[in-house]
Amino acid sequence: MSVSGGAVAGSRVVIVGGGVIGVCCAYFLAKRGAHVLLLDRERIAAGASSGNAGVIAPGHLPLVKPGGLWSLLKTVVRPSSPLYVAPRLDFELWKWLLMLARRFHEQTAEAAMRALAPLARESLRLYGELVAGEGIECGFRASGYYEVWRGSSGAREAEQQVAFARRHGFSAEVLEPAEMLRRAPRLRGGLTCAVHHRDAATLDPYAFVTGLAERAGAARAKFQVAKVTELLLAGDRVRGVRTEQGDEIGADAVVVAAGAWSADLLRPLGFSLPLQPAKGYHSDLVDERSPHPFIPEALLLAERLVFVTPMGDRVRLAGTLEFSGLDLRIREGRWRQLARAAAEYCQGVEGTRSISRWCGLRPCLPDGLPAIGPVAEIAGLYLATGHAMAGMTLGPVTGRLIADWCLAGSRPSQPPALDPARFGRKAEDQYFGTEGST
Ligand SMILES: Cc1cc2nc3c(=O)[nH]c(=O)nc-3n(C[C@H](O)[C@H](O)[C@H](O)COP(=O)(O)OP(=O)(O)OC[C@H]3O[C@@H](n4cnc5c(N)ncnc54)[C@H](O)[C@@H]3O)c2cc1C
């Protein structure tokens with residue numbers, strides 16, 4: 001049944017996790033003839049994939065780009081900072097931040113973007129194909145989004161963002177404040193600069209993920225609510241999973257796509273994945289005087305790292321980064337920051353009502369890149385996690401890559417920078433002790 005540790009069409013593939021990544025894997029595998037069983041401990045889109053900002057933003061990978069997480073660390077003491085690090089003794093978190101610090105510099109950001117840009121571009125193309133081809137109603141709009149600044153460094157940062165995006169082949173242009181206000185009249189005066197990121201799209205993430213899961217079901221993928229507690233091995237090959245109920249489910253291949261919880265499943269195998277959950281919040285606002293979103297353009301409020309995305313009759317505010325472990329409690333003050341940020345940039349927020357309060361955990365690896373591909377030491381085991389702020393953006397291309405790996409049994413053309421082996425049993429120290437491996 002197996003080819004070079006992979007599986008072939010007709011073989012049994014178990015996917016752990018029903019977020020955008022797991023569902024995209026299920027879709028592409030089922031379409032190519034694999035017998036797919038996707039297990040989620042709650043339901044489809046129970047994690048970060050349901051309530052995110054819904055922006056497919058190939059040129060915006062903020063964990064590593066200039067002005068990204070590293071610069072945010074400098075603002076952490078300010079109450080208005082988008083970043084919050086819970087004050088507690090968490091050795092793993094501080095080690096992770098140190099890993100990030102050691103690897104963070106301009107060349108790393110460029111190298112990471114070189115690895116991701118072609119994949120992100122392909123993913124945007126796949127979205128267009130999937131939404132139209134499968135008839136998924138998710139409000140997909142390929143009109144880009146606007147990044148707007150109010151601070152004195154706006155013009156300089158806007159130039160940097162445009163240069164960064166263009167170097168990697170994305171279309172972006174600087175707009176003067178007057179032109180931006182003409183295009184988005186709900187913005188307040190006092191902008192210092194804006195950028196139109198044209199190669200981007202927006203959608204309702206929950207509608208997309210559940211819609212694609214339905215299409216995967218039509219291609220005979222099966223879904224079951226079950227928490228996976230153990231990955232089962234026979235020697236150096238995976239043979240299935242055990243669930244919380246004690247059931248053993250056999251498989252020729254297993255894909256771990258459990259978002260921020262993925263590391264827990266791998267640890268007992270001696271595979272230490274330095275994954276940190278970065279919590280983000282959303283608040284959905286409606287203006288009861290109008291059936292339309294009160295802000296019709298998708299915006300990124302640059303200094304507050306808050307996305308403003310029109311979704312049906314609502315406007316979703318989504319953002320903030322909170323490092324407080326695998327903890328899904330909503331901190332009221334952090335959540336309220338979203339509306340404060342929106343009111344600082346946009347008119348009309350005061351007259352609206354929030355109809356949804358949500359938080360989710362982004363799965364983040366310290367080099368800002370996901371881990372996609374086989375686990376070298378264990379035949380038949382694949383990872384698809386660590387997508388951080390770009391899981392929606394990279395979902396479809398990740399699903400297709402995993403299907404290539406699992407079913408072709410050969411290496412698809414994929415940047416080695418995403419290879420999970422960089423965090424393998426032996427690799428961690430040497431990887432983080434050196435630079436430039438991306
Ligand atoms: C506020 C916010 C805004 C964001 N905005 C964007 C954006 O605009 N664009 C973008 O590209 N990305 C965005 N992201 C990031 C994106 O949401 C994530 O990268 C993506 O959702 C991760 O998907 P996933 O499938 O890996 O994880 P998840 O969606 O978290 O799914 C993991 C699933 O695994 C299940 N699971 C966990 N453990 C087990 C187990 N043991 N057994 C069975 N099931 C298990 C969980 O129930 C869950 O359903 C945002 C994130 C946040 C928080």
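How do the residues of the shell around the ligand divide into nonpolar, polar and charged?

Modeller: This is a predicted model. The shell around the ligand holds 17 nonpolar residues, 14 polar ones and 4 charged ones. There are 35 residues around the ligand, and those that come nearest are Asp40, Ser49, Val55, Ala388 and Thr393.

For Asn52 the side chain is involved, with a polar atom 3.1 Å from a ligand oxygen. With Arg41 it is again the backbone, where a polar atom lies 3.1 Å from a nitrogen atom of the ligand. As for cover, the ligand taken alone exposes 1,000 Å², and the protein buries 98% of that.

Several elements give two or more residues to this shell: the helices α1 (20–31), α2 (48–51) and α11 (391–408), and the strands β2 (35–40), β14 (276–286) and β18 (353–364). Of these, α11 gives the most, with 3 residues. Asp40, named above among the nearest residues, falls within the span of β2 (35–40), while Thr393 falls within that of α11 (391–408).

From here the picture widens to the sheet that contains β2. Six strands form this open sheet, in the order β9-β2-β1-β13-β20-β19, with mixed pairing. Its edges are β9 (222–225) and β19 (371–374), each of which pairs on one side only. On average, neighbouring strands are turned by 20 degrees against each other, direction ignored.

Within this sheet, β1 (residues 12–16) and β13 (residues 253–256) run parallel and pair over 4 bridges. Val13 stands opposite Ala253 of β13. Helix α1 lies across β1, β2, β13 and β20 (381–385), and runs at about 165 degrees to β2. Helix α11 packs on the sheet too, where it touches β13, β19 and β20; its direction makes about 15 degrees with that of β19.

A further open sheet has 3 strands in the order β10-β11-β12, and here the pairing is antiparallel. The edge positions belong to β10 (228–234) and β12 (248–250); each has a single partner strand, so one side of each is left without a neighbour in the sheet. Neighbouring strands of this sheet are turned by 30 degrees against each other on average, direction ignored. Strand β11 (residues 237–243) is joined to β12 by 3 bridges, and the two run antiparallel. Gly240 stands opposite Gly250 in β12.

Notes
Residues are numbered from 1 along each chain as its sequence is written. This is a predicted model: local features need pLDDT of at least 70, side-chain atom pairs count only at pLDDT 80 or more; totals for chains, interfaces and linings use all residues. Side-chain values use heavy atoms; hydrogens and water are left out. A residue is near a molecule or strand if one of its heavy atoms lies within 4 Å of it. A polar contact is a pair of N or O atoms within 3.5 Å; within protein, one must be able to donate a hydrogen and the other to accept it, and residues adjacent in sequence count only if both atoms are side-chain atoms. Accessible areas come from the Shrake-Rupley method with a 1.4 Å probe; for residues, only the protein chains shown count as cover. Ala, Val, Leu, Ile, Met, Phe, Trp, Tyr, Cys and Pro count as nonpolar, Asp, Glu, Lys and Arg as charged, and the others, Gly among them, as polar. Two strands pair if DSSP finds at least two bridges between them. Axes are lines fitted to C-alpha atoms, for helices over the stretch in contact, and angles run from 0 to 180 degrees between N-to-C directions. Contact means heavy atoms within 4.5 Å.
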